[in-house]
Structure formats: structure tokens, C-alpha cells
Amino acid sequence: MLLALGFAIVLGVGILTVSYFLGRQVGGKVKGTTIESGMPLLDRSHKRISIAFFLIALDFIVFDIEAAFLYPWALVIREGGWPLFNAVMAFVALILVGYAYVWKKGGLEIVPRRRPPAPYEAPR
């Protein structure tokens, strides 16, 4: 195994070295940008993504992991008996409390809550 690791490292370094010496060295200002592809951007704007999309994705991951924990339980429910059933019901209850909290806080809404417009004040 150590021999294979050493061979992989030597081969990787060798390929990179040959590529460096035989390939064209191109680059410049565009290639140094955060896009890193070397291709000019089609438009100059960097679009902003709402944080709500990331929060919903995080919620999805948390509740999806719950399903990953419930699957093995379903396979051994007969052998575990009532103590296992009670433990899993407590787990599900905690997940449901978390879900209700996220729902109440508006964490599942993609459209941001709109503030009512400020009352109009006449200029003085």
C-alpha cells in the first residue's frame, strides 16, 4: 500500500512537471479572477443570491439526515421492542419541535417578508 501511494505521488508530480514545461503558459488578468477559468465573463454583474436559499438548503439537509437515522431503526424495530420505539418517538418529537421552530420563524419561506412602507411625512 505504501508503495502504491509513493507511486501515485511520483506519477502526479511527474505529470504536472511535464505539463508545466511542455504546455503553453497563458494567463493574465482575467485568469487571476475568482472565476479562474480564463474565459471572459458574459456579463459584468455578479448576481447576488438571497441567504434564504442557503437557509432552506440547510434545513433540508437537517431534516433529510433525520430520515437517514430512521431507516436503520425501521430495520430492527422488532428486535428492539418498546424501549427502542420510545427512544425513536422522542427523537421524532425533537425533530418536530425543531421543524415547528423553523416554520414559526419563517425559515421555510423563500419570499422575504415585506415591511410595511413607512408613513409619508410631508416635508417641513
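Helices (H or I, at least four residues) and strands (E, at least two) are DSSP runs, numbered from the N terminus. This is a predicted model, where local features need pLDDT of at least 70 and side-chain atom pairs count only at pLDDT 80 or more, while totals for chains, interfaces and linings use all residues. Residues are numbered from 1 along each chain as its sequence is written, and side-chain values use heavy atoms, with hydrogens and water left out.

**View 1. Welcome to the whole chain.** Buried residues (under 20% relative accessible area, with exposed over 50% and partly exposed in between, for a 1.4 Å probe and protein chains only) make up 7% of the 124 residues.

View 2. H3 covers residues 77-104, 28 residues in total. Its end C-alpha atoms are only 33 Å apart, short of the 40 Å that a straight helix would reach at 1.5 Å a residue; the expected span is 1.5 Å times one less than the number of residues. Look for Pro 83, where a kink of about 75° is centred. The bend at a residue is the angle between axes fitted to the seven residues ending there and the seven starting there. Just after H3, Gly 106 takes a positive phi of about 85°.

**View 3. Helix H2 from end to end.** H2 has 25 residues and spans 38 Å from first C-alpha to last, close to the expected 36 Å. Its buried residues are Ala 52, Asp 59, Glu 66 and Trp 73, and their cover includes H3.

**View 4. H2 beside H3.** The two helices pack at about 170° with axes 10 Å apart; axes are lines fitted to C-alpha atoms, for helices over the stretch in contact, and angles run from 0 to 180 degrees between N-to-C directions. That makes H2 roughly antiparallel to H3, a label for angles over 145 degrees. The residues of this contact divide into 16 nonpolar, 1 polar and 3 charged. Among those that meet are Phe 63 and Trp 73 in H2, and Leu 84 and Ile 95 in H3. On the H3 side, Val 88, Val 92, Ile 95 and Val 102 are buried, and what covers the buried residues of H3 includes H2.

**View 5. A closer look at Asp 59.** This residue is found in H2. Asp 59 is buried, with a relative accessible area of 14%. Beyond its neighbours within four places in sequence, Asp 59 is in contact (heavy atoms within 4.5 Å) with Val 102, Gly 107 and Leu 108.

Notes
Parallel < 35°, antiparallel > 145°, perpendicular 65-115°, else oblique. Nonpolar A, V, L, I, M, F, W, Y, C, P; charged D, E, K, R; others polar.
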